[in-house]
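Here are my notes on the model, as numbered points. Please read them with the coordinates open.

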Amino acid sequence: MSHTDPGLLPKVELHLHLEGAAPPDFIRALAAEQGMALEGVFDAGGQYAWTDFAQFLKTYHRACEVLRGPEEFRRLVEAVLAQSAADGVVYTEIFIAPDICGGGDPVAWAEYVAAIVEGAQSARAAHGIEARFISTAVRNFGPDAAERAARLSAEVAGDRITGFGMGGEERHLRAADFARAFAIAREAGLGITSHAGEVCGPESVAETLDHLRPSRIGHGVRAIESPDLVQRLVDEGIVLEVNPGSNVALSVYPGWDSHPIDRLRKAGVQVTVSTDDPPYFHTDMKHEYRMLAHHFGWAAEDFADINRIAMQAAFCDPQTRSAVL
Ligand code: ADE
Ligand code: ZN
């Protein structure tokens, strides 16, 4: 086994929520600029305050209230990508949401997207990090909002906005209710992923595969509860965007040792590693790699393997794919 600090290896990240990556200090500074109190967002130590998944989503959306315009998002993208680059991330895919960027208004959305892309370009020039964006629907906003999000995502589909996905409250409605939104996004040529198998069990992953037809699943870890579903993931080559530190923080698993990422990988599932919402879950990519090495004995060649899988599953052009790794 290599003795290199795994935290120092190059990394590919496929699952990072832009607003969920905002450092608490960044949100606090914007709140101060705007004279907003942001009650209940921070704990006594100045970190994001939440107790369970539903509470986490509530705090998340409350913190978003200070992200008021394109300029705030440009600054946020620059800050998040500077941090990712410092953690050794060479390629990243970041979730954004039309419902959060302009509340679904198409003119505002186009301005937000321009600012987000500008932020990514300046981060690339400053730090060499390559970024693509996955535009997402928020599940608990319902199917109509999801279809509107898909249409807005289709309008900006191109070389920077390359995917469509869905996060939010997994217990809300069924995957089939969002099939039309995903069909619109697929038709526009966007790569498809969706959160499933994080809060809900294997049936949620199976329904997502059946009705939304993604090439990747956000989380998907609870597939481990169904051997048939694990085999299906292997057979269909579905890539999981696994966020172990997030799952442990949200008590999907009681600790790292019981997390199924290593078992899924050994069963032949294509797993990748990401942070989800790092400051909320007190993690970063260096920490994830170090914990995987510590708990499962993953070595440099294992990380090289998952990064290869991630780049093969990345929503980017072939030139970028081969240039990154
Ligand atoms: N939005 C931000 N983080 C999320 C997560 N872990 N699950 C679902 N929706 C999210
Ligand atoms: Zn997520």
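1. The protein chain has 14 helices and eight strands. These are DSSP runs, numbered from the N terminus: H or I over at least four residues for helices, E over at least two for strands.

2. On provenance: this is a predicted model, in which local features need pLDDT of at least 70, side-chain atom pairs count only at pLDDT 80 or more, and totals for chains, interfaces and linings use all residues. Residues are numbered from 1 along each chain as its sequence is written, chains are lettered from A and ligands numbered from 1 in the order in which they are written, and side-chain values use heavy atoms, with hydrogens and water left out.

3. The C-alpha trace spans about 50 × 45 × 40 Å along its principal axes.

4. Of the 325 residues, 58% are buried. Buried means under 20% relative accessible area, exposed over 50%, and partly exposed in between (1.4 Å probe, protein chains only). Among contacts (heavy atoms within 4.5 Å) with a separation of 6 or more, 74% join residues 24 or more positions apart.

5. Charges: 28 positive and 46 negative, with mean positions 1 Å apart. Lys and Arg count as positive, Asp and Glu as negative; His and the chain ends are not counted. Each charge is placed at NZ of Lys, CZ of Arg, CG of Asp or CD of Glu.

6. Look at Asn247, in helix 9 (residues 244-249). Asn247 counts as buried because its relative accessibility is 0%. Its side chain makes a polar contact with the side chain of His219 at 3.3 Å. Such a contact is a pair of N or O atoms within 3.5 Å; within protein, one must be able to donate a hydrogen and the other to accept it, and residues adjacent in sequence count only if both atoms are side-chain atoms. Beyond four places in sequence, the contacts of Asn247 include Glu198, Val221 and His259.

7. Check two backbone angles. Leu38, not a glycine, has a positive phi of about 50°. Leu38 lies in the loop between helix 1 (24-34) and helix 2 (53-63), and is buried at 7% relative accessibility. His282 also has a positive phi, near 50°. His282 sits between helix 11 (278-281) and helix 12 (285-296), in the loop, and is exposed at 54%.
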